[in-house]
Amino acid sequence: MLLINKKKCPKCGSIKTKKNGQRNGVQLYKCTACNHQFRGGQKVSIDELWEAYMNGKQTICELASIYHVSPSSIKRRLRKITKIWQQPDLTGMSGFVHIDATYWGRSWGIILVLDNATNMPLYVAFIRSETTLDYKLAVETIEAAGFTIKGIIIDGKQTLFKEFEKYPVQMCQFHMYQIVERYLTKHPKMIASRDLALLVDDMIYLDKEDFMNEYAKWKRVYHDFLNRRTIHKDGKSYYLHRRLRSAMNSLDYYLPYLYTYQRPECEGMPNTNNKIEGTFTDLKKNLNNHSGMSIQNRMRFISGYFTDMLYRMI
């Protein structure tokens, strides 16, 4: 009797099995040794399933079709997967780090610390709101794990510059451009606004001294224009061009941190935090393939994403 390509019974291990009808288009088998009935779906390892689900960007229904099982079976197997971020040992490591937070809705998000040289996640934590304490805890945690911080790249949360004053801090120049654009709009009408927008647009091509000279020149040229005031009906005096002045005040605040990367001791430091923004974008694209996930499942997915990302680099 030929036993080639016979299904193996998952209960007793016997290959004395036979077809026993179908259910929902899936072949059923029966073991003649122990009378156990089972499906003929493809066996898949938990690791393989998680990889296809997360990095392969396969939906539940697509995975069910690939492995010839029901969507409920895929969900049941995925629920068995536990993914929890564990802080890695960073002894002996050093470099420049990106720190930023991103949100899903208004109630929760994550804070991430990313190594600039390797794109390695150094710290991940779920947060309800973005506070200075969260950032402080992130820095203290990676230092306690053995990482030496050469400098920090952030996107403009003002309280962080004072909190991290002992480190070289770089303000993301792209976010600086966005802040100014938010006040002036993309197509400003006033000549003073246009000139400031053009100067900020050239920021990445200039060194610190040239930019500061051009900015000081702009202030001198438009000094009277910037200080024009108007009297409202309540009798109080207000600046006439308040949005332009807001853009100028933002530049004044961030100016000491816009060119930190040009210091001799900060060679290799980036001038934007595009690397961490790109990581967030990739994460959200993967999550968008699985719409309708509960918050708990989203958190597990995110923990698994960064855990896998970490161990691919170790």
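R76 is partly exposed, because its relative accessibility is 41% and the class between buried (under 20% relative accessible area) and exposed (over 50%) is called partly exposed (1.4 Å probe, protein chains only). This is a predicted model, where local features need pLDDT of at least 70, side-chain atom pairs count only at pLDDT 80 or more, and totals for chains, interfaces and linings use all residues. Residues are numbered from 1 along each chain as its sequence is written, and side-chain values use heavy atoms, with hydrogens and water left out.

**Positive patch**

- R76 sits in helix α3. Helices (H or I, at least four residues) and strands (E, at least two) are DSSP runs, numbered from the N terminus.
- R76 belongs to a positive surface patch, together with R23, R39, K75, R79 and K80.
- Helix α3 spans residues 71–79 and gives this patch its largest share, three residues.
- Patch members have over 30% relative accessible area and no salt bridge; like charges are joined within 9 Å, and nonpolar side chains (Val, Leu, Ile, Met, Phe, Trp, Tyr) within 5 Å.
- Lys and Arg count as positive, Asp and Glu as negative; His and the chain ends are not counted.
- Each charge is placed at NZ of Lys, CZ of Arg, CG of Asp or CD of Glu.
- Accessible areas come from the Shrake-Rupley method with a 1.4 Å probe, and for residues only the protein chains shown count as cover.

**Negative patch**

- A patch of negative charge also lies on the surface, made of D201, D202, D207, E209, D210 and E214.
- Helix α8 supplies the largest share of the negative patch, three residues.
- E209 is found in helix α8. E209 counts as exposed, at 57% relative accessibility.

**Salt bridges**

- The whole structure holds three salt bridges. Each needs a side-chain nitrogen of Lys or Arg within 4 Å of a carboxyl oxygen of Asp or Glu.
- K83 and D308 form a salt bridge, at 3.5 Å from N to O. K83 lies in the loop between α3 and β4 (94–104) and D308 in helix α12 (residues 295–311), so the pair ties together parts that are 225 residues apart in sequence.
- K83 is partly exposed at 21% relative accessibility. D308 is buried at 15%.
- D252 and K219 form a salt bridge, at 2.8 Å from N to O. The pair links distant parts of the chain, 33 residues apart: D252 is in helix α10 (residues 242–254) and K219 in helix α8 (residues 208–221).
- D252 is partly exposed at 30% relative accessibility. K219 is partly exposed at 29%.
- E265 and R263 form a salt bridge, at 4.0 Å from N to O. E265 is exposed, with a relative accessible area of 54%. R263 is partly exposed, with 35%.

**Cysteines**

- The whole structure has zero disulfides. A disulfide would be a pair of cysteine sulfur atoms within 2.5 Å.
- C12 is partly exposed, with a relative accessible area of 42%.
- The sulfur of C266 has its closest cysteine sulfur in C172, 16 Å away, which is too far for a bond.
- C266 is buried, at 0% relative accessibility.
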